[in-house]
Number of protein chains: 2
Amino acid sequence: MNNNKGIVVIISGPSGSGKGTIVKEMIKDDKYALSISVTTRSPRVGEEDGVHYFFKSKQEFEEMIHKGELIEWAEFCENYYGTPKSYVEKMLREGKDVILEIEVQGALKVKESNPEAVLIFIVPPSLTELKNRLVGRGTEKEEIIEKRLKRALEELDMIEKYDYLVVNDSIKDAAEKIHTIVEAEHLKANRNLDLIEKIKMEGF
Amino acid sequence: MNNNKGIVVIISGPSGSGKGTIVKEMIKDDKYALSISVTTRSPRVGEEDGVHYFFKSKQEFEEMIHKGELIEWAEFCENYYGTPKSYVEKMLREGKDVILEIEVQGALKVKESNPEAVLIFIVPPSLTELKNRLVGRGTEKEEIIEKRLKRALEELDMIEKYDYLVVNDSIKDAAEKIHTIVEAEHLKANRNLDLIEKIKMEGF
């Protein structure tokens with residue numbers, strides 16, 4: 001007897017917070033749909049069009065902006081990233097909760113146009129831990145790591161604008177916490193006005 | 001690594017919604033403390049002072065009001081009912097989530113003075129079901145049942161002011177849903193500002 005409309009669940013967090021792995025853990029559950037972003041950056045090795053991203057030219061991307069086909073978009077390191085509107089809306093109508101893994105700037109834009117979206121910020125247990133994780137990857141130059149850490153600190157300043165904060169002590173626990181948040185959000189009174197109306201209308 | 005401060009959890013719902021039974025189910029879990037109300041009404045058979053209520057004279061109650069010792073109080077069927085402040089504050093400091101089972105009027109007063117309180121409204125699956133439950137008790141006159149149903153409808157008008165809505169299909173499920181809500185509330189960013197500050201302060 002819950003409401004059936006899906007919820008937009010936005011997951012953000014600094015690079016190295018583990019948000020990507022948490023999202024992978026979450027979408028094992030069929031009730032979630034993962035929104036696929038559009039980008040103008042080049043595919044990395046192993047990335048597939050329509051799976052990891054929709055890869056578009058700059059011109060195609062700008063056309064999508066002008067046609068209002070994106071919920072949000074942002075420029076980051078000279079590339080565009082955006083979230084296509086049609087897929088998200090289709091999934092919501094089907095009652096799926098849609099996960100958007102996007103950065104802070106985009107997340108706040110979505111919240112502006114869609115106040116019912118739920119913003120969840122993932123943090124590593126500590127910044128020391130974050131640094132260890134970034135260094136541990138072994139794929140990045142020191143200079144890039146420093147840049148990411150600086151950006152992580154800037155992003156932490158935006159946590160207050162998020163609805164929830166999840167500390168990533170372990171992937172499984174963090175994913176479980178997000179499930180809990182989404183379940184609770186489905187019980188929000190303002191997401192169940194139809195149900196309230198129905199209860200009132202039944203009369204005696 | 002969660003915050004340790006307790007949350008005030010207010011449970012309301014029409015007579016016959018089953019809220020009393022749900023609360024009994026919930027406090028089996030040690031993490032909750034149940035606030036005991038003060039009242040000027042006479043004890044019913046089996047009710048004990050300090051267990052079901054603190055029973056006070058009208059004069060004693062009015063003294064508590066004047067000394068600011070009540071979080072909220074209301075008059076209902078010519079009797080006073082109120083929530084003592086000291087016990088609730090003590091439990092919150094100890095990190096317990098405190099359950100207040102109070103009616104709508106009092107609940108909204110608490111929310112005013114304490115916006116961090118979580119308001120949960122329990123509804124029966126339908127008003128027909130509610131009527132059946134009230135009649136099924138067999139302890140009330142038809143006149144009183146009609147009065148309660150009328151009041152139930154009035155209370156439903158206030159659901160929008162509540163944070164969450166839980167349909168009492170089964171006691172166990174409803175209690176489980178409230179646990180979920182409270183867990184999610186502990187993850188709210190604005191309840192974890194200390195943690196955010198701590199993460200920022202750690203530096204690199």
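Pro14(A) sits in the loop that links strand S1 (8-12) to helix H1 (19-26) of chain A. The model is a predicted one. Pro14(A) has a relative accessibility of 2% and therefore counts as buried, the cut-off for buried being under 20%. Its contacts, leaving aside residues up to four places away in sequence, are Lys19(A), Phe121(A), Ile122(A), Pro124(A), Leu130(A), Ala152(A) and Glu155(A).

Ser15(A) belongs to the loop between S1 and H1 of chain A as well. Its relative accessible area is 23%, so Ser15(A) is partly exposed. Both residues carry a database annotation. An unreviewed UniProt entry assigns the feature "binding site" to Gly13(A), Pro14(A), Ser15(A), Gly16(A), Ser17(A), Gly18(A), Lys19(A) and Gly20(A). Of these positions, Pro14(A) is buried, whereas Ser15(A) is partly exposed.

In chain B, 5 strands make up an open sheet. Their order is S2-S7-S1-S8-S9, and they pair in parallel. Strand S2 (32-34) and strand S9 (164-167) of chain B form the edges, each pairing on one side only. On average, neighbouring strands of this sheet are turned by 30 degrees against each other, direction ignored.

Strands of a sheet pair through backbone hydrogen bonds, in either a parallel or an antiparallel sense. Strand S1 (residues 8-12) and strand S7 (residues 97-101) of chain B pair in the parallel sense, with 4 bridges between them. Within this pairing, Ile11(B) has Glu101(B) of S7(B) as its bridge partner.

Notes. Residues numbered from 1 in each chain as written. Chains lettered and ligands numbered in written order. Predicted model: local features only at pLDDT ≥ 70, side-chain atom pairs only at ≥ 80, totals over all residues. Heavy atoms only, no water. Pairing = 2+ DSSP bridges. Helix = DSSP H or I, 4+ residues; strand = E, 2+ residues; numbered from the N terminus. Axes fitted to C-alpha atoms, helices over the stretch in contact; angles between N-to-C directions. UniProt positions renumbered as here; feature names shortened; annotations may be inferred. Buried < 20%, exposed > 50% of the residue type's maximum accessible area, 1.4 Å probe, protein only. Contact = heavy atoms within 4.5 Å.
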